Amino acid sequence: MRFGLALPNVGRYSDIATLVDLAFLAESDGWDGIFLWDTLHYQADSQEVCDPWIALTALALNTERIHIGTMVQKRARKSP
């Protein structure tokens, strides 16, 4: 079994340096992956949001073996 962390990219996790620190700690503690939300708009009116692709680039530059990626949210569908 593998274990990963799923983190938002809003609020306290909108700071890329914080995400890099968490990824480094997760990798050091043996976690297998760290995944970020792939949204730029969720709660953007009330909280700061960072670009997930820029954040993932920073994670990739500061880790060696941990898997990184985005959490994919399916699109909302209208009821018939």
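Which residue in β2 is the bridge partner of Gly 4? The bridge partner of Gly 4 in β2 is Gly 33. The structure is a predicted model, in which local features need a pLDDT of at least 70, side-chain atom pairs count only at pLDDT 80 or more, and totals for chains, interfaces and linings use all residues. Residues are numbered from 1 along each chain as its sequence is written, and side-chain values use heavy atoms, with hydrogens and water left out.

**Confidence and overall plan**

The predictor's confidence in each residue is given as pLDDT, on a scale from 0 to 100. The protein chain averages a pLDDT of 88, and 85% of the residues score at least 70. Confidence is lowest in β3, with a mean of 92, and highest in α1, at 96.

The protein chain has two helices and three strands. Helices (H or I, at least four residues) and strands (E, at least two) are DSSP runs, numbered from the N terminus. Along the sequence they follow the pattern β-α-β-α-β. β1, α1 and β2 make a right-handed β-α-β unit. Right-handed here means that, with the strands pointing away from the viewer, the path from the first strand over the helix to the second runs clockwise.

**The sheet**

Strands of a sheet pair through backbone hydrogen bonds, either parallel or antiparallel. Two strands are said to pair if DSSP finds at least two bridges between them. In this model, an open sheet of three strands has the order β1-β2-β3, with parallel pairing. β1 (4-7) and β3 (67-71) stand at the edges with a single partner strand each, so one side of each has no neighbour in the sheet. From one strand to the next, the twist averages 20°. Angles such as this run from 0 to 180 degrees between N-to-C directions, and axes are lines fitted to C-alpha atoms, for helices over the stretch in contact.

β1 and β2 pair in the parallel sense over four bridges, and β2 and β3 pair in the parallel sense over five bridges. Gly 33, the partner of Gly 4, also has a bridge partner in β3, namely His 67. Further along, Leu 7 stands opposite Leu 36 in β2, while Ile 34 stands opposite Ile 68 in β3.

**The core**

In soluble globular proteins, nonpolar side chains tend to be buried together. Buried means under 20% relative accessible area, exposed means over 50%, and partly exposed lies in between (1.4 Å probe, protein chains only). Of the 80 residues in the protein chain, 30% are buried.

A nonpolar core is a set of buried Ala, Val, Leu, Ile, Met, Phe, Trp, Tyr and Cys residues joined through side-chain atoms within 4.5 Å. The largest nonpolar core has 13 residues, of which Leu 7, Leu 19, Ile 34, Leu 36, Ala 55 and Leu 59 touch the most other members. At least two residues of this core come from each of α1 (16-28), β2 (33-37) and α2 (52-62).

Contact means heavy atoms within 4.5 Å. Apart from neighbours within four places in sequence, Leu 7 is in contact with Tyr 13, Leu 19, Leu 22, Ile 34, Phe 35, Leu 36 and Trp 37. Among contacts in the protein chain between residues at least 6 apart in sequence, 73% join residues at least 24 apart.

Ile 16 lies in helix α1. With neighbours within four places in sequence left aside, Ile 16 is in contact with Cys 50, Ile 54, Ala 55 and Ala 58. Val 49 is in the loop between β2 and α2, and Asp 51 is placed in the loop between β2 and α2. Ile 16 counts as partly exposed because its relative accessibility is 25%. Val 49 is partly exposed at 25% relative accessibility, and Asp 51 is partly exposed with a relative accessible area of 25%. The table gives C-alpha separations for these residues.

| Residue pair | Distance along the chain | C-alpha separation |
|---|---|---|
| Ile 16 and Asp 51 | 35 residues | 9.0 Å |
| Val 49 and Gly 11 | 38 residues | 6.6 Å |
| Asp 51 and Ser 14 | 37 residues | 8.3 Å |
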